[in-house]
Amino acid sequence: EELDCVRKAGQLCQNAMAAMVERARPGVKEYELRAAAGAAILEGGGDIDFLIIGSTPMANPAMIFGNPRPSGRVLQKGDMINMELAAGYRGYTAQIGSPICIGPPTDMVKKFWDDIMLPGYHRIVKEIAPGKTCEEIRLASKFFRDKGMQSRPTQCHGIDLVTDNPHISAEHVSGTEADQVLKPGMIIMAEPNPITPDGMFGIFLGHTFIVTANGHECVDKFPLEIAVAGV
């Protein structure tokens with residue numbers, strides 16, 4: 001069944017995240033994190049859609065999103081890793097992303113997570129339910145700008161076999177008329193990426209959801225918290 005394939009892809013995303021947390025430590029290169037995530041997906045019988053991974057020092061950040069081609073930058077204690085991973089299974093795709101810190105997160109990162117990232121994310125996910133509209137999701141994402149933050153444009157998007165309509169950004173919604181109201185069986189990727197006003201720091205947080213008759217189902221069980229690695 002198609003939804004079971006999406007659930008399996010979600011499990012592969014979870015495995016890839018766990019593999020990255022296990023591999024992340026001082027001295028490891030960004031591209032070695034991609035190798036760990038990719039191996040977890042392939043060894044689980046899946047396919048790699050994309051592995052976007054990047055790192056930056058928490059004390060002097062200069063990154064808001066990962067790199068489509070992870071670099072040879074060497075991880076150090078005090079770094080934070082942002083990523084968006086997409087795994088496929090029998091042609092169906094799920095996506096995921098959640099921050100990993102090398103060592104404990106700084107006070108700035110913890111405050112951003114607790115006061116900005118999580119509350120805004122929860123507001124968006126609350127709107128993923130049958131009968132809800134894409135515009136309601138877009139309005140929920142205004143939380144970040146209301147708190148004085150910037151963000152990458154995309155807040156949510158649909159997934160068919162791969163990324164598809166509807167596309168919900170901070171400013172507008174795009175897609176066919178049939179996409180505008182959520183229905184059971186639709187696949188939605190919630191992926192807000194708030195950014196500090198100076199444009200130097202951001203956190204990407206994303207999980208894939210199946211719209212159900214009564215609400216939604218997340219297709220992975222990766223913890224909704226900042227992962228700490230390398231300690």
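Predicted model: local features only at pLDDT ≥ 70, side-chain atom pairs only at ≥ 80, totals over all residues.
Visitor: Let's start with helices. How are two packed helices described?
Guide: By the angle between their axes and the distance between those axes. Here, take α1, residues 2–23, and α2, residues 30–43: their axes come within 8 Å and cross at roughly 145 degrees.

Visitor: Is the crossing of α1 and α2 left-handed or right-handed?
Guide: Right-handed.

Visitor: And which residues make the contact?
Guide: From α1 you have L12, N15, A16, A19, M20 and R23, and from α2 there are E32, L33, A36, A37, A40 and I41.

Visitor: On to strands. In what sense do β6 and β7 pair, and over how many bridges?
Guide: Look at residues 154–159 for β6 and 163–169 for β7: the pairing is antiparallel, with five bridges. A hairpin of three residues takes you from β6 to β7.

Visitor: Which residue in β7 is the bridge partner of H157?
Guide: That's H167. Now follow H167 to the next strand, β8, where its bridge partner is S174.

Visitor: How many bridges join β7 to β8?
Guide: Two, and these strands run antiparallel, with β8 covering residues 173–174. The hairpin between β7 and β8 goes through three residues.

Visitor: Now for the rings. How many aromatic pairs does the structure hold?
Guide: Three. One of them is F65 with F204, a tilted pair at 5.5 Å centre to centre, with 55 degrees between the planes. This pair links distant parts of the chain, 139 residues apart. You'll find F65 in the loop between β1 (47–57) and β2 (79–89), while F204 is in the loop between β10 (194–195) and β11 (207–211).

Visitor: Are F65 and F204 buried or exposed?
Guide: Both are buried.

Visitor: Why is the pair of F143 and F144 called edge-to-face?
Guide: Planes over 60 degrees apart count as edge-to-face. The planes of F143 and F144 are at 75 degrees, so this pair gets that name, and the ring centres are 5.8 Å apart.

Visitor: Why does F143 count as buried?
Guide: The cut-off for buried is under 20% relative accessible area. F143 counts as buried because its relative accessibility is 10%. F144 is buried too, with a relative accessible area of 0%.

Visitor: What lies over the face of F65?
Guide: R152 does, at 3.9 Å from the ring centre. For another case, look at Y89: K8 lies over its face, at 5.8 Å from the ring centre.

Note on methods. Residues numbered from 1 in each chain as written. Heavy atoms only, no water. Pairing = 2+ DSSP bridges. Helix = DSSP H or I, 4+ residues; strand = E, 2+ residues; numbered from the N terminus. Phe/Tyr/Trp six-rings, centres within 6.5 Å; stacked < 30°, edge-to-face > 60°. Buried < 20%, exposed > 50% of the residue type's maximum accessible area, 1.4 Å probe, protein only. Lys NZ or Arg CZ within 6 Å of the ring centre and 35° of its normal. Axes fitted to C-alpha atoms, helices over the stretch in contact; angles between N-to-C directions. Left-handed = near helix turned anticlockwise from the far one by under 90°. Contact = heavy atoms within 4.5 Å.
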